[in-house]
Amino acid sequence: MRNKEGVQLKNPYLPYPVRIDRIVTETEDKSLKTFRFVFLDPDDEEKFAYTPGQFAELSIAGKGEIPIGIASSPTERGFVAFTVNKVGLVTSHLHNMKEGDIMGIRGPLGNWYPWDEMEGKHVVIVGGGFAFTTLRSSIIYMLDSENRPKFADISVVYGARSPGMLLYKDELAEWEQRDDINMHITVDSTDDPDWKYNVGFVPTITEQKITSAENAIAIVCGPPIMIKFTQPVLEKLGFSPNRIILSLEMRMKCGIGICGRCNIGDQYVCKDGPVFPLAQLKTMPGEY
Amino acid sequence: MTEKIFTKEEWSGALETLKEPYRLFGPVKDGDFHTFMPLDGDKKPDFDYENSRLSPKTIIYPESERMFEYSLDETDDDAHILKESPKDYSPCAIVGIRPCDVHAFQIVKRNFDNPEYQDPWWTEHFESAILVGLGCNNPCASCFCTQVGGGPFHETGLDVLLFDLGDNFLAKALTEKGEAFLEKIQGESADDAVLKAAEDLKQSSEKKITAKVPTDQLKDKVTIELFDAPFWEEVAFACLNCGTCTYLCPTCWCFDIQDEVSGKQGDRIRNWDSCMFPLFSLHGSGHNPRAEKFQRVRQRFMHKLKYYVDKYENGVQCSGCGRCVRYCPVNIDIREVCKLMNDFA
């Protein structure tokens, strides 16, 4: 197919071939693994230029595709990474694949966190469970020496069920040591006497640690229950609904707003989202 | 543009010769119903029909379509790498298609061929097709095309429009593609008396459509108010979630993508899907934003009569063909639901 100038366009359903370069098991229950992919054709990496907050369809010939948030940052070169929870047919197969195997990725898809709007502001990141992936992308992106001056204070509240269920443990420890990011790691509960961070649910820790909404924007990504209880906390702190940014999940197939299943009202989560300001979500049916 | 008159015998003869330059599709008697089929071999079209049960969208957008193929044989250099499945995009002509079903192509084109993304298969199939429409002398009791921006002799989107004048067809070319098609058919130029007869036929047919389906207030409704309207449970009460409405609808476009493997060869295939089915929106976690039947029924009507209206500002996602009204096993009627929505205050 061609565009109006007669230039050949890529088929938007065709994945770029990639090789699994590295697999890291993230959590103690082994349900989450991070996969690093390298493009078979180096030119494809340029075509896959992405922005933190976007996602891609991971494609396995013979099994199908799954939409997964991009966990790597565009400031990291030479690979793209995704953290995948083992849930269904495709993810279970992927968990059994090994380094060197060939598969595909299709994207980048969807919109991204409002980086232009966030410039000059304090950034509050609130994440829970395995939804921390595009937030990792965002943190790496903001901490990049070229980007860090663009943002004021960066605060992160990140929680998991238990210490063993936290993603990216090495990086979390590294960020804890830095003075240009305020980390508030928490777990729902733990019997580890050496646990030196917070214990409590994400909304509670957010209420304790985040003290002001002045000139701040909040990025929230997590399970529905966490979002439900974090939202009023942020609003009480003074965040207006257009300064609370949410990233949603939905069953998807095409990823380009055509196949019809991931709509909320007239918005497709795959194309018009997955990132929506709370102010916009309040005008949409609560069907997510 | 050319206007030509020819006898029905001449038309039948012409179709035989038109099989050479075109892949021909037309309405063929199929049990108690009519179905659009390739007019190859000895398949004869029957133009004395109301409309096909299954809409001709299937010619442009098949129920199941190969997207990609691949090898899973590890000894192949390109194992696991997807390649486009070959397609036949040679010129095709859909003859005898009703104007509502052509209008439906205009409606779904906004989805498949939008400024951001073009669906390559839908677009190529559509561009390869010549639409030779046949006006409706006797619309069905369930038809309401005139209420949703169309009509029994509506010309928009057609390349040729045929008027059934008894022993003869009057053919009107409406596009360059249509001119090229008509050039291949013998016939005489139409005189004023014939054109007058065609115009009278059109007017008398339009008068036969008596349904009143107001859509004028839909745009101004607040989406979440309509979404939370009290009538959805009642509208959905009898629904079986069978999916007949979405399967027969010429403007339903949703699809699923699945991989199928045979031995060491595989295909990625897309299949029509339906918002009537719980699996359509079921998350991997088990959460389902439309777990309840009424939510799925609401989705179908809200999509066609509100979300589409807001998104494209080009009317409703319905061409008034009446198939869902005729074939719903529990008599759910989109015309009544539309009225409920339009009148909702």
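This is a predicted model: local features need pLDDT of at least 70, side-chain atom pairs count only at pLDDT 80 or more; totals for chains, interfaces and linings use all residues.
Setting aside neighbours within four places in sequence, C92(B) touches Y22(B), R23(B), F25(B), S128(B) and A129(B). C92(B) is part of strand β6 of chain B, which covers residues 92-97. Is C92(B) buried, exposed or partly exposed? It has 18 C-beta neighbours inside 10 Å, and therefore it counts as partly exposed; a residue needs 20 or more to be called buried.

In general, two packed helices are described by the angle between their axes and the distance between the axes. For α10(B) and helix α12 of chain B (residues 334-343), the angle is about 60° and the axes are 11 Å apart. The two helices are therefore oblique to each other. The crossing of α10(B) past α12(B) is right-handed. On the α10(B) side the meeting residues are F301(B), L305(B) and K306(B), and on the α12(B) side they are V337(B), C338(B) and M341(B). Sorted by class, this contact has five nonpolar residues, no polar ones and one charged residue.

One more residue of chain B deserves a look for its backbone. N241(B) has a phi near 55°, which is a positive value in a residue other than glycine. N241(B) sits in the loop between α8 (232-236) and α9 (244-248) of chain B. Because 14 other C-beta atoms lie within 10 Å, N241(B) is partly exposed.

Chain B also touches chain A. How many residues of each chain take part in the contact? There are 41 residues of chain B in contact with 34 residues of chain A. On the chain B side, the elements that give two or more residues are β4 (64-71), α3 (99-112), α4 (120-127), α7 (223-227), β11 (255-262) and α10 (293-312). Among these, β11(B) gives the most, with six residues. By class, the chain B side divides into 21 nonpolar, 12 polar and eight charged residues.

Now consider chain A as a whole. Chain A contains eight helices and 15 strands. Its C-alpha trace spans about 55 × 40 × 40 Å along the principal axes. A compact globule of 288 residues would have a radius of gyration near 19 Å, and chain A has 19 Å, so the two agree. Of the 288 residues in chain A, 48% are buried. Sequence distance can be considered too: among contacts in chain A between residues at least 6 apart in sequence, 70% join residues at least 24 apart.

Chain A has a helix pair of its own to examine. The axes of helix α6 of chain A (residues 202-209) and helix α7 of chain A (residues 224-237) come within 8 Å and cross at roughly 20°. That angle makes α6(A) roughly parallel to α7(A), because angles under 35 degrees count as roughly parallel. The crossing of α6(A) past α7(A) is right-handed. From α6(A) the contact uses V202(A), P203(A), T206(A) and E207(A), while α7(A) supplies M226(A), F229(A), T230(A) and V233(A). The classes here are five nonpolar, two polar and one charged.

G107(A) and P108(A) are joined by a cis peptide bond, with omega about -5°. P108(A) lies in strand β6 of chain A, residues 102-109. Another cis peptide bond joins G273(A) and P274(A), with omega about 10°. Where is P274(A) found? P274(A) is in the loop between β14 (267-268) and β15 (275-277) of chain A. Y168(A), a residue other than glycine, has a positive phi near 55°. Y168(A) lies in the loop between β8 (154-160) and α5 (169-177) of chain A. Y168(A) counts as buried, because it has 21 C-beta neighbours inside 10 Å.

Key:
Residues are numbered from 1 along each chain as its sequence is written. Chains are lettered from A and ligands numbered from 1 in the order in which they are written. Axes are lines fitted to C-alpha atoms, for helices over the stretch in contact, and angles run from 0 to 180 degrees between N-to-C directions. Helices (H or I, at least four residues) and strands (E, at least two) are DSSP runs, numbered from the N terminus. Angles under 35 degrees count as roughly parallel, over 145 as roughly antiparallel, 65 to 115 as roughly perpendicular and the rest as oblique. A crossing is left-handed if the near helix is turned anticlockwise from the far one by less than a right angle, and right-handed if clockwise. Two residues are in contact if their C-beta atoms, placed from the backbone, lie within 7 Å. Ala, Val, Leu, Ile, Met, Phe, Trp, Tyr, Cys and Pro count as nonpolar, Asp, Glu, Lys and Arg as charged, and the others, Gly among them, as polar. The radius of gyration is taken over C-alpha atoms; the globule rule is 2.2 Å times the number of residues to the power 0.38. A residue is buried if 20 or more other C-beta atoms lie within 10 Å of its own, exposed if 12 or fewer, and partly exposed in between; C-beta atoms are placed from the backbone.
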